[in-house]
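Please read the following account with the sequence and the coordinates open side by side. It goes from single residues to strands, then to a pocket and the whole chain.

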Amino acid sequence: MRGVGKNLQLDSTGHYIRAGSVTPDTSITFEFLFKPGLYFNETTDIIRRFDGAFQIQIGYPFITFNTNIKNGSTVISDQLKVTFDGIGRKSYGYYIDGEWHHFVFKYSTITGKKKFD
């Protein structure tokens, strides 16, 4: 999608944006602007690969970034969970205020480190 001032709205009529296959080899970064709508009040998948390799969810009172990476015949599962249990950026209300918020999620398959900015 191109254009200044354009956006995709996910509401009761549409919940998913289909994209091509993504297979991280060394790292992956998800960066987007997020603006919850009037009826945003439940746990929602923001980004999810259908085979469960990665998933980002927001709900009350948390954001989670889950990965399930296959290493040979072993699947390594990991969850980064940020709990909204404070004030300002540590509060749920900060993110569901109807304003735009910049989210960046990073994951390195080499180090296993995850980061949420």
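In this predicted model, threonine 26 is in contact with Tyr107, Ser108, Thr109 and Ile110, leaving aside its neighbours within four places in sequence. Threonine 26 itself is placed in the segment before β1.

β1 pairs with strand β6, residues 101-108, in the antiparallel sense, and 8 bridges join the two. Within this pairing, threonine 29 stands opposite lysine 106 in β6. β1 and β6 belong to an open sheet of 3 strands, in which the order is β1-β6-β7 and the pairing is antiparallel. The edge strands are β1 (27-34) and β7 (114-116), each of which pairs on one side only. From one strand to the next, the twist averages 5°. In a regular strand, side chains alternate between the two faces of the sheet.

A further antiparallel pair is made by strand β2 (residues 44-48) and strand β3 (residues 54-59), which are joined by 4 bridges. Here aspartate 45 stands opposite glutamine 57 in β3. β2 and β3 form a hairpin with 5 residues between the strands, and in this hairpin glycine 52 takes a positive phi near 85°.

Strand β4, residues 62-71, contains asparagine 66. Which residues does asparagine 66 touch, not counting those up to four places away in sequence? They are Ala53, Phe54, Gln55, Asp78, Gln79 and Lys114. With glutamine 79 there is also a polar contact, made between the two side chains at 3.0 Å. The relative accessibility of asparagine 66 is 12%, and therefore this residue counts as buried, the limit for that class being under 20%.

Empty space is the next topic. Rolling a probe the size of a water molecule over the atoms shows where such space is left. The second largest pocket has a volume of about 160 Å³. Its lining consists of Arg89, Tyr94, Tyr95, His101, His102, Phe103, Phe116 and Asp117. Two or more residues of this lining come from each of α1 (92-95) and β6. Which element gives the largest share of the lining? That element is β6, with 3 residues.

The chain as a whole can now be set out. It has 1 helix and 7 strands, and read along the sequence these follow the pattern β-β-β-β-β-α-β-β. There are 117 residues in the protein chain, of which 27% count as buried. Among the contacts with a separation of 6 or more, 46% are between residues 24 or more positions apart.

Terms used
Residues numbered from 1 in each chain as written. Predicted model: local features only at pLDDT ≥ 70, side-chain atom pairs only at ≥ 80, totals over all residues. Heavy atoms only, no water. Buried < 20%, exposed > 50% of the residue type's maximum accessible area, 1.4 Å probe, protein only. Polar contact = N/O pair within 3.5 Å; in protein donor to acceptor, adjacent residues only side chain to side chain. Contact = heavy atoms within 4.5 Å. Pairing = 2+ DSSP bridges. Axes fitted to C-alpha atoms, helices over the stretch in contact; angles between N-to-C directions. 1 Å grid on protein atoms, 1.4 Å probe; cavity = no way out; pocket = protein on both sides within 12 Å on 5 of 7 lines; lining within 4 Å. Points joined across faces, edges and corners; volume = space filled by probe spheres on them.
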